[in-house]
Amino acid sequence: MGIIAWILIGLLAGLIAKALMPGKDPGGIIITTLIGIAGGLLGGWLGKVVFGVDSIDGFFDLSTWIAAVVGSLILLAVYRLLTRKRQRRA
């Protein structure tokens, strides 16, 4: 897949992750996209390591989207924990 496909998957996976985990986030659309892109990579890597499958096959493959959304949810939860701790200190 090309870089534009990764950005598109990242944007959509980040938005889906935010919809599944509602709440106030300090980041905007740029942070959502970056979390989605990194989440897609994380989800693909976890799928390969944990389940032994290549979960990032193609743009329209369901396993690609599931991996991207799960990875995005994980990263969004970590991001919220890190930013919440920073806000408490200030």
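Two residues are in contact here when they have heavy atoms within 4.5 Å of each other. Among such contacts in the protein chain between residues at least 6 apart in sequence, 69% join residues at least 24 apart.

The structure is a predicted model, in which local features need pLDDT of at least 70 and side-chain atom pairs count only at pLDDT 80 or more, while totals for chains, interfaces and linings use all residues. Residues are numbered from 1 along each chain as its sequence is written, and side-chain values use heavy atoms, with hydrogens and water left out. The predictor's confidence in each residue, pLDDT, runs from 0 to 100. Its mean over the protein chain is 77, and 80% of the residues reach 70 or more. Where pLDDT is low, the predicted coordinates should not be read in detail.

The protein chain has three helices and zero strands, giving the pattern α-α-α along the sequence. Helices (H or I, at least four residues) and strands (E, at least two) are DSSP runs, numbered from the N terminus. Helix α1 covers residues 3–20 and α2 covers 29–51, while α3 comprises residues 62–89.

Accessible areas come from the Shrake-Rupley method with a 1.4 Å probe; for residues, only the protein chains shown count as cover. The accessible surface of the protein chain comes to about 5,700 Å², and 72% of that belongs to carbon and sulfur atoms. A residue is buried under 20% relative accessible area, exposed over 50%, and partly exposed in between (1.4 Å probe, protein chains only). Of the 90 residues of the protein chain, 33% count as buried.

Ser-72 lies in helix α3 and counts as buried because its relative accessibility is 0%. Leaving aside neighbours within four places in sequence, Ser-72 is in contact with Ala-13, Gly-14, Ala-17, Ile-35, Gly-36, Gly-39 and Gly-40. Arg-80, also found in helix α3, has a relative accessibility of 11% and therefore counts as buried. With neighbours within four places again left aside, the contacts of Arg-80 are Met-21, Pro-22, Gly-23 and Asp-25.

Leu-8 belongs to helix α1; its relative accessible area is 39%, so Leu-8 is partly exposed. From Leu-8 to Thr-33 is 25 residues in sequence and 8.4 Å in space, C-alpha to C-alpha. Phe-60 sits in the loop between α2 and α3 and counts as exposed because its relative accessibility is 78%. Phe-60 and Ile-9 are 51 residues apart along the chain, and their C-alpha atoms are separated by 9.9 Å.

Rolling a probe the size of a water molecule over the atoms shows where empty space is left. On a 1 Å grid over the protein atoms alone, a cavity is a set of points where a 1.4 Å probe fits but cannot get out, and lining residues have an atom within 4 Å of a point. Grid points are joined across faces, edges and corners, and a volume is the space filled by probe spheres set on the points. The structure holds one cavity of 30 Å³ or more, and the largest cavity has a volume of about 30 Å³.

Which residues line the largest cavity? They are Gly-14, Ala-17, Lys-18, Thr-32, Ile-35 and Leu-76. Helices α1 and α2 each supply at least two residues of this lining, and α1 gives the most, with three. By class, the lining has three nonpolar, two polar and one charged residues, where Ala, Val, Leu, Ile, Met, Phe, Trp, Tyr, Cys and Pro count as nonpolar, Asp, Glu, Lys and Arg as charged, and the others, Gly among them, as polar.

Definitions and conventions
On a 1 Å grid over the protein atoms alone, a cavity is a set of points where a 1.4 Å probe fits but cannot get out, and a pocket is an open set with protein on both sides within 12 Å along at least five of seven lines; lining residues have an atom within 4 Å of a point.
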